[in-house]
Amino acid sequence: MFQSARLLNLVLLCLLESVTARSKPSIVGSFGNVLTDLMKQQESEPKEERHLMHEYDFIIVGAGSAGCILANRLTEVPEWKVLLIEAGGQETFLMDIPILASFTQFTSANWNYKTVPSGTSCLGFRNAQCKYPRGKVMGGSSTLNYMVYTRGHPKDYDKWAADGNEGWSYEDVFPYFMKSEDMTIPELAKDTKHHSTGGYLTISYTPYRTPLAEAFIQSGLETGQNVVDYNTDTLIGFSFIQSTMQNGTRCSSSKAFLHPIRNRKNLHVTKMSTVTKILIHPETKQAEGVQFVRGGKRYIIRASKEIILSSGAINSPQLLMLSGIGPRRHLESLGIKVIQNLDVGYNLMDHMALGGLTFIVNQSISLRTDNILRNPDNIANYFAYHKGPISVAGGCEALAFYDLKDPKNPQGYPDIELIFLGGSFVSERTLRENVGIRPELYNSVYKPIEQYDTWTVVPMLMRPKSRGRIMLRDRNPFHKPLIDPNYFQYDEDLDTLVGGVKKAIELSKTKGFQEFGTKLHDTPIPGCKKHVFGSDDYWRCAIRHLTFTIYHVSGTCKMGPKWDSGAVVDPRLRVYGIKGLRVVDASIIPEIPVGHTNGPTYMIAEKGADLIKQDWGVTTNNIT
Ligand SMILES: Cc1cc2nc3c(=O)[nH]c(=O)nc-3n(C[C@H](O)[C@H](O)[C@H](O)COP(=O)(O)OP(=O)(O)OC[C@H]3O[C@@H](n4cnc5c(N)ncnc54)[C@H](O)[C@@H]3O)c2cc1C
Ligand SMILES: *[C@@H]1O[C@H](CO)[C@@H](O)[C@H](O)[C@H]1NC(C)=O
Ligand SMILES: *[C@@H]1O[C@H](CO)[C@@H](O)[C@H](O)[C@H]1NC(C)=O
């Protein structure tokens, strides 16, 4: 088992190694930089509030991607007193180090969820369960994620609006992407129609690239694709990743939106505090307060204006159901008194993918985490300048969007994204533990190539038809809910992914990749040997075995108009039938946008904050 001690050990070992290499004074100096970084982090985060008040104007549950933005925007109103409640603890400087992105999942900063075994997906993982990490720390999942920043396609939001969500068309939401942004990539910042500078959220390129990532971009050009800025209206094409990174370090939502306002007197933050129930008056249906547990002690705090759930797409539906808001039959079967019958927990969406598609090269140019961390020069370079291979977030370097149904159309609507990693299962020990790959599968397919240099493309399904569900296991708020992603409910989802796999293989045959002698690793997965390696049936089987979540779980408290029977919140994000309660996070997403979900969640929170201000008569900054 990988434990946080193991992580610390590895890092400290490297630091010690660098410190003991006394012949290089610059390296010794780097240790001092580490301590400076560490202290900076501790000083910048808002302090834990010891003396809580009995009542606040607003209570925000969850300091994740969305919660930190809400805390910032609502406390812009000086007379509003806001309490931000977070189940996890402080973000540490180790979580800031991009290459350690995959390690962080093995610490207490992860809720450590797993899907229920299904028999049709996640078959190559222990107990046929997919791991579903979620951030339990200041910054939430933005403190664990791979920092890929994408906004989605205009059509995504126009569909939201067409389905009756007034105010959520692309034109409506676009200003909120711009509002957060501080684009630091000079050539993109020049495009002021699509990017802005001076916002709280820093976007940059990773300061290091492998030659393999360059080959990936070249492979796009060679096959007739364009290099694009995918955060415009044109997504089809290739690009290095635009990353939520600040000077080579993670820019989590806490760092972006809370550190700069840590001295605001009207914001109180309580960490290591798990909300167990929202208190709702059974007759008036007014949300009155929350109950939470901190250090074994139970607290009840009231909200005079509103309670805002920003606990993420697993915990927000869990909390609603625990509080009596959810599907009547399910709640009654657990003995929970129903206050409002709503389709809470349904409509779970994720971008699923094939993991483990591995290509072997003949030169040592890939990212091998152990080697990188063992090299004192890399450590010194990182702590002195925040540069070098340690600044690559979990190996993710570049991406491409395809519309496989309309391949020649540069304005197409992506159904596949390819994520390029300059490494693989065999070069990154944590990656295989992140998914919990079965040892016999690993040993027969991957162990034989452990000493090789490799790269991976992860083909991801952009517009899944399949829908899953979150349910309560029982009435205990500390028990993990049941997560059934229901992957591949529709064959179409599987078929589109197979198309993505074939694209990746096509790219591996281009000149750029062939210069490094690129070869598809073709040892079959034991459970798929009955199919000819490389046939469509083989890939379908491989996808069912190495089913990767891209961690984009969303949609479980669906936003929709009054006539949508599956809707949990209205287009102003108010929970139907309840007064003073909103959900503002990835769970309100009615249909998952293409790309990644952190950028869209930031947009939802920025817009949500304005909706709240408008409803309480506060003028908002010229954004309608
Ligand atoms: C490993 C990983 C990699 C990812 N990679 C990317 C990527 O590269 N790019 C991208 O765009 N997206 C990525 N994502 C997805 C993205 O990070 C999420 O979609 C986004 O962070 C969701 O934001 P949220 O505000 O809805 O929830 P979260 O950020 O998860 O925030 C929820 C917060 O609520 C807290 N909370 C929950 N329950 C309670 C409770 N009962 N009491 C108190 N507090 C509570 C949690 O601890 C957490 O801090 C990734 C996610 C993960 C996990
Ligand atoms: C980036 O970080 C390094 C290392 O701490 C520091 O020396 C440098 O000044 C920083 N650059 C910017 C632009 O902040
Ligand atoms: C790698 O393979 C390519 C293509 O076969 C070849 O040209 C090159 O010389 C090889 N490089 C090494 C280091 O073996």
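1. The unreviewed UniProt entry lists His552 and His596 under "active site". Although these two positions are spread over 45 residues of sequence, they cluster in space, with a largest C-alpha distance of 6.8 Å. Please keep in mind throughout that the model is predicted, and that the UniProt annotation may be inferred rather than shown by experiment.

2. Where in the fold does His552 sit? His552 belongs to the loop that runs between strand S24 (547-549) and strand S25 (581-583). With a relative accessible area of 6%, His552 is buried, because the cut-off for that class is under 20%.

3. Ligand 1 is surrounded by 40 residues, and the closest of them are Ser65, Glu86, Ser141, Thr597 and Asn598. Divided by class, this shell holds 16 nonpolar, 20 polar and four charged residues. Helix H3 (65-74), strand S11 (273-280), helix H9 (312-322) and helix H18 (598-615) each contribute at least two residues to the shell around ligand 1.

4. Several polar contacts to ligand 1 can be named individually. The side chain of Thr597 places an N or O atom 2.7 Å from an oxygen atom of ligand 1, while for the side chain of Trp111 the corresponding distance to an oxygen atom of the ligand is 3.1 Å. Met147 takes part through its backbone, a polar atom of which lies 3.2 Å from an oxygen atom of ligand 1. Taken alone, ligand 1 exposes 1,000 Å², and the protein buries 99% of that area.

5. Helix H18, one of the elements that supply the shell around ligand 1, has 18 residues and reaches 26 Å from its first C-alpha to its last, close to the 26 Å expected at 1.5 Å a residue.

6. Helix H9 (312-322), which supplies at least two residues of the shell around ligand 1, begins at residue 312.

7. Asn110 lies in the loop between strand S2 (82-85) and strand S3 (113-114). Is Asn110 buried or exposed? At 7% relative accessibility, Asn110 counts as buried, and a polar atom of its side chain lies 3.0 Å from the backbone oxygen of Gln105.

8. The residues around ligand 2 are Asn247, Phe383, Ala384 and His386, which divide into two nonpolar, two polar and no charged. An N or O atom in the side chain of Asn247 is 2.3 Å from an oxygen atom of ligand 2, and a polar side-chain atom of His386 lies 3.1 Å from an oxygen atom of this ligand. The protein covers 39% of the 360 Å² of accessible area that ligand 2 has on its own.

9. Around ligand 3 stand Asn362, Gln363, Gln514, Glu515 and Gly517, a shell with no nonpolar, four polar and one charged residues. An oxygen atom of ligand 3 is 2.3 Å from a polar side-chain atom of Asn362. Of the 360 Å² that ligand 3 exposes when taken alone, the protein buries 35%.

Technical notes
Residues are numbered from 1 along each chain as its sequence is written. Chains are lettered from A and ligands numbered from 1 in the order in which they are written. This is a predicted model: local features need pLDDT of at least 70, side-chain atom pairs count only at pLDDT 80 or more; totals for chains, interfaces and linings use all residues. Side-chain values use heavy atoms; hydrogens and water are left out. A residue is near a molecule or strand if one of its heavy atoms lies within 4 Å of it. A polar contact is a pair of N or O atoms within 3.5 Å; within protein, one must be able to donate a hydrogen and the other to accept it, and residues adjacent in sequence count only if both atoms are side-chain atoms. Accessible areas come from the Shrake-Rupley method with a 1.4 Å probe; for residues, only the protein chains shown count as cover. Helices (H or I, at least four residues) and strands (E, at least two) are DSSP runs, numbered from the N terminus. Ala, Val, Leu, Ile, Met, Phe, Trp, Tyr, Cys and Pro count as nonpolar, Asp, Glu, Lys and Arg as charged, and the others, Gly among them, as polar. The expected span of a helix is 1.5 Å times one less than its number of residues. Buried means under 20% relative accessible area, exposed over 50%, partly exposed in between (1.4 Å probe, protein chains only).
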